[in-house]
Amino acid sequence: MEKRTVSRGYSLYELVMTLGLAGLILTVGLPSFGSIAANNRLATDVNALFHAIHLARKDSVVRRRVVSICPTMDGQTCKASLDWSTGWMTFVNIDRDWPAVRDIDEPILRRNDVHSANRVSANRRSFSLRSTDLRATNGTLVFCDRAGRAKPRALVVSYTGRPRVAYKDRRGDPYKCAD
């Protein structure tokens, strides 16, 4: 009796159908993945500044001094700009200057960088949190994805120094990114 060998491969039809289905899934899925990644990058930067503000509030109470947050390029000095896209630093503002400027004798508490795919703009050059005064600096920072794949969101800082995340402004309009 002859032994028959069985071929264990795929036909050309099966291969073409499998590759076509994989191509369709990638075509539909990759743009969604880009949006998910952009939203995660924005959320990471928003959360970093959210926590930096909370830590600045806590440090201002513990140290009984003004603690300020300002945009920085080099991690040592405040940048005189409303663009926070290069990052920010938190420092003890001993001389309580406004807008906050870090002097050489003022200790830096924390530095943060912003992801290069994100843009951050604010309506303040710095935020100062005070332990003994009733008011901190209020303002809004808008976080945007440079490619426009994620919905812009804002970090709104109240007069008491409490941050909150918002997707719409006071009028109910969605935040917009500057082009």
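Predicted model: local features only at pLDDT ≥ 70, side-chain atom pairs only at ≥ 80, totals over all residues.

Reader: Fine. How many salt bridges does the structure hold?
Author: The structure holds 5. In one of them, the side chains of Arg41 and Asp145 meet at 4.0 Å, N to O. Arg41 lies in helix α1 and Asp145 in strand β6 (residues 139-145), so this pair ties together parts that are 104 residues apart in sequence.

Reader: Is Asp145 buried or exposed?
Author: Asp145 is buried, with a relative accessible area of 4%.

Reader: And which residue is at 3.6 Å from Asp145 in a salt bridge?
Author: That is Arg149, going by the closest N and O atoms. Arg149 is partly exposed, at 40% relative accessible area.

Reader: What about Asp173?
Author: Asp173 meets Arg171 in a salt bridge of 3.7 Å, N to O. Shared partners, on the other hand, join Arg41, Asp145 and Arg149 into one network.

Reader: Switching to the sheet. What's the strand order?
Author: The order is β3-β2-β1-β5, an open sheet with antiparallel pairing. β3 (108-112) and β5 (127-129) stand at the edges with a single partner strand each, so one side of each has no neighbour in the sheet. The twist averages 15 degrees from one strand to the next.

Reader: How many bridges between β1 and β2?
Author: Strands β1 (residues 67-71) and β2 (residues 88-92) pair over 5 bridges. Ile69 has Thr90 as its bridge partner in β2.

Reader: Last one: what does Arg57 touch, sequence neighbours within four places aside?
Author: Arg57 is in contact with Leu129, Thr160, Gly161 and Arg162. Arg57 sits in helix α1 (residues 12-63) and is partly exposed at 22%.

Notes: Residues numbered from 1 in each chain as written. Heavy atoms only, no water. Helix = DSSP H or I, 4+ residues; strand = E, 2+ residues; numbered from the N terminus. Buried < 20%, exposed > 50% of the residue type's maximum accessible area, 1.4 Å probe, protein only. Contact = heavy atoms within 4.5 Å. Pairing = 2+ DSSP bridges. Axes fitted to C-alpha atoms, helices over the stretch in contact; angles between N-to-C directions.
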